[in-house]
Amino acid sequence: MKKIALTGIKPTGILHIGNYFGAIKPALRLAREYDARYFIADYHALNTVKDPQMLAAHIREVAAGWLAAGLNPEEVLFYRQSAIPETFELTTILMAFTSKGLMNRAHAYKAAVQENLENHADPDAGINMGLFTYPVLMAADILLFNPDVVPVGKDQVQHVEMAQDIAQGINFTYSGEILKIPQAAVQAEVAVVPGLDGQKMSKSYGNTIPLFAPEKQLRKLIMRIVTNSQGVEEPKDPETSQIYRLYKLFASAEEQQALAKQYREGGMGWGDAKEELFQVVHRELSPLRDRFEAIIAEPGTIDTILAQGAAKARPLAQATLNRLRRAVGIAG
Ligand code: ADP
Ligand code: TRP
């Protein structure tokens, strides 16, 4: 039997190339070896996205993005969190085993409180219970489907550990292996993809290159990458240039060596380097964008794929939930 990998994708914005190299590509690679369960965490997104049209659009865009990137719904269980009501019943059960102190220690909640304190605001200003209990809902997403591994970025490791703690509490209380203890899998070799300004690419920083940007926008964004004031003739260090760091993600080994040589020799301006970058990015992303455009043009098909995924996922979720209901004495 194959091992199970599960991860959730929050539909809070359009996908960018940081998401592609940091999450989508590694997860699709993992899906070749594991029984993969990848879902759209739409109720997690509701904590921050309160515009209904926007949320609905992000859900479809993110789904279309994964499909365009190569997710095969025949092989990967692909569904929306909101289509699995068992998640929310499990959340209620898990709440009874989650200490408030554990939630107080969650990084995202602590950061929000800290920001309020720095602004001399009420510590709980703007913090909803969805943010406070975020790790419990995430634990339910995970524990419902018995994964062995949960591929996530570094910032999510604490949440997976909380899911472990909660599951261990339940197994201990009822003296049995009722819930499988999952392990976080952080892709060690995935470097942080830099944004247009050199910081980590993130939608929170407004420095992203959208994965499906039209050609003209793509070129414009690449031309906006911040560089230093070195002149055309000056030799340049490829390793400290974010143009080159981005180039490495898209170019072959020979192309990388050739561009590095040009950097070191001098005689190549930043504009030329950006043009080289544009060429390789465009080469890789334009077929992806074409697939995305075709998929997003048929929202009904996306909805059907996700509904079919949910139909396959629910019996698995029900089995876990029934096991737990019996264990706790709420008959099932
Ligand atoms: P954002 O920072 O834009 O809000 P998310 O937090 O929604 O992105 O990230 C979704 C996934 O993409 C996570 O697994 C995260 O680790 C990965 N990811 C996001 N930005 C980057 C980046 N710049 N480099 C590598 N991986 C990234
Ligand atoms: N919290 C994750 C993020 O922000 C998304 C997520 C929700 C998730 N439920 C999950 C990830 C379950 C892994 C497993 O990226």
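This note goes through the predicted model point by point, from the overall fold to the two ligands.

1. **Ground rules.** This is a predicted model, in which local features need pLDDT of at least 70, side-chain atom pairs count only at pLDDT 80 or more, and totals for chains, interfaces and linings use all residues. Residues are numbered from 1 along each chain as its sequence is written, chains are lettered from A and ligands numbered from 1 in the order in which they are written, and side-chain values use heavy atoms, with hydrogens and water left out.

2. **Fold.** The protein chain has 14 helices and five strands. Both are DSSP runs, numbered from the N terminus: helices are H or I with at least four residues, strands are E with at least two.

3. **Overall dimensions.** The C-alpha atoms fill a box of roughly 75 × 50 × 35 Å along the principal axes.

4. **Burial.** Of the 332 residues, 47% count as buried. Buried means under 20% relative accessible area, with a 1.4 Å probe and protein chains only.

5. **Ligand 1.** It has 13 residues around it, and His16, Val193, Met201, Ser202 and Lys203 come nearest. Here, "around" means that a heavy atom of the residue lies within 4 Å. Polar contacts are pairs of N or O atoms within 3.5 Å. An oxygen atom of ligand 1 is 2.7 Å from a side-chain N or O atom of histidine 16. Asparagine 19 places a polar side-chain atom 3.1 Å from a ligand 1 oxygen. Lysine 203 uses a backbone N or O atom instead, at 2.7 Å from an oxygen of ligand 1. Taken alone, ligand 1 exposes 540 Å², and the protein buries 78% of that. Such areas come from the Shrake-Rupley method with a 1.4 Å probe.

6. **Ligand 2.** This ligand is surrounded by 14 residues, and His44, Tyr134, Met138, Asp141 and Gln156 are the closest. Alone, ligand 2 exposes 370 Å², of which the protein buries 90%.

7. **Which helix gives the most to the shell around ligand 2?** It is α8, with four residues. β1 (4-9) and α8 (134-143) each supply at least two.

Note on methods: A polar contact is a pair of N or O atoms within 3.5 Å; within protein, one must be able to donate a hydrogen and the other to accept it, and residues adjacent in sequence count only if both atoms are side-chain atoms. Buried means under 20% relative accessible area, exposed over 50%, partly exposed in between (1.4 Å probe, protein chains only).
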